[in-house]
Structures are given as structure tokens and as C-alpha cells.
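Q: This one is new to me. Please take me through it.

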Amino acid sequence: MSRPAPKPLRKDVIHNRAALLDAARAVFADQGLDAPLDLIAEKAGVGRGTLYRHFADRTELALAVLEADVADLGRRTAEQGEAPEVFFWFLDRLAEDMIRNAGLAGVVRNVRSPDALTPLRQSLMEAGAAPLARAQAAGLVRKDLRPMDIRLIATLLGAGFQGADEAERQAVSQRTRVLILDGLRPRPEAS
């Protein structure tokens, strides 16, 4: 017995969710993760009830912002084409996203259920897997890297931002990228 197909979402529901994500992204970036949720609803042009129909709590909203950003990164990466160097473009955009979303890093560290992070982690690996494979095939990065390592790279790119201002985040991110790129280079074969 097959289940009936889910009903398509109404246009206003899709619009409200997108408006809430955009508002949350801006408010969290400006005021941090503890920003009033009422302000996010107001900025999105919806009521508080609409916010809670879409997102049960602050953590769910913050994770949804991060998931939307990773999905967008995946789309933008795919649009870059098939060149092996796209992997490095992906890493640079990932670093930019980590700087922009530095205020949301705490939510990832403090999520009580590891399962809550599964969609975010999966999307991140999917966004970078094909560019990674092409970079490996071209000999631009180590052969032993796996898509799962992209999660580790993202963690490193987002480290050291707590309490840092914009200039400090930029400097830390730049230094981290240098170190990561050095670690990604192919190593000479052992003789």
C-alpha cells in the first residue's frame, strides 16, 4: 500500500519561510544568536505564530539558516562548472560563509541531539564531493581526502571566531585557509 504524495506547499508558506530565513540571517549576524525572535518575525513581515509554525525554537531556526546557506553554496558551486580548481573556489566561499555565520557557530556546538546536525553535515559533504573528486583526479589535492573531510575543513575554517570582531575573523580565516591548503596538497609518494 503506497502513501499518498504530500500536498505541495502553498506559495505564501514558501515565501514566509524564505523571509524568516533571510531575516534570521541578518538579525543573527547583527545581534548574535541571542537576538529577540520577535525582531526576526517583525523583520520578515510575519507574526510570531508564523515563526513558530515554521521553526520550533531558536536552534531549529539557526540550523535552518545554516542548511539554507550550505544548499545555496552547493548550487553556486555547481554553477562554477567542471574545472578541478572549483574545489578551491568552494573552500573560499565556505570560509566566507563561516565568517558571515560566525554568530551561529555556537548553535552547532551546543546542539543536544547529534541527529539534528545530520542534514547540515550531509548537505555540506554533497556540496563539496564532486569538486573534491575532480581536484583529486587532476592531482591538485591529496588522494586520501574523503567528502567526510569537508566537515573537518569547515570546522577548522570556523574555529577561533568566538568573541572576534570582523577584522579578527578575516585574519583568522585567512591564516586557517593557508594552513588547510598546505595540508590538502598532494604528498610525494614514499619510495
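Q: What classes of residue make up the lining of the largest pocket?
A: By class, that lining has 16 nonpolar, three polar and five charged residues. Nonpolar covers Ala, Val, Leu, Ile, Met, Phe, Trp, Tyr, Cys and Pro, charged covers Asp, Glu, Lys and Arg, and the others, Gly among them, are polar. The model is predicted, with local features needing pLDDT of at least 70 and side-chain atom pairs pLDDT 80 or more, while totals for chains, interfaces and linings use all residues. Residues are numbered from 1 along each chain as its sequence is written, and side-chain values use heavy atoms, without hydrogens or water.

Q: How much space is in the largest pocket?
A: About 610 Å³. A pocket is an open set of points on a 1 Å grid over the protein atoms alone where a 1.4 Å probe fits, with protein on both sides within 12 Å along at least five of seven lines; lining residues have an atom within 4 Å of a point. The volume is the space filled by probe spheres on the points, which are joined across faces, edges and corners.

Q: What about the second largest pocket, what is its volume?
A: About 270 Å³. Its lining has 14 residues, and Thr 59, Val 107, Asn 110, Val 111 and Arg 112 are the closest to the centre. α4 and α6 are the elements that give two or more residues to that lining, and α4 gives the most, four.

Q: Change of topic. Is Asn 101 buried or exposed?
A: Asn 101 counts as buried because its relative accessibility is 10%, and buried means under 20% relative accessible area (exposed is over 50%, partly exposed in between; 1.4 Å probe, protein chains only). Asn 101 sits in the loop between α5 and α6.

Q: What does Asn 101 contact?
A: Leu 66 and Asp 69, leaving aside neighbours within four places in sequence. Contact means heavy atoms within 4.5 Å.

Q: Where is Pro 186?
A: In the segment after α9 (166-184). Pro 186 is partly exposed, at 38% relative accessible area.

Q: What does Pro 186 touch?
A: Gly 139, Leu 140, Val 141 and Arg 142, not counting residues up to four places away in sequence. Pro 186 and Gly 139 are 47 residues apart in sequence, yet 6.9 Å apart in space, C-alpha to C-alpha.
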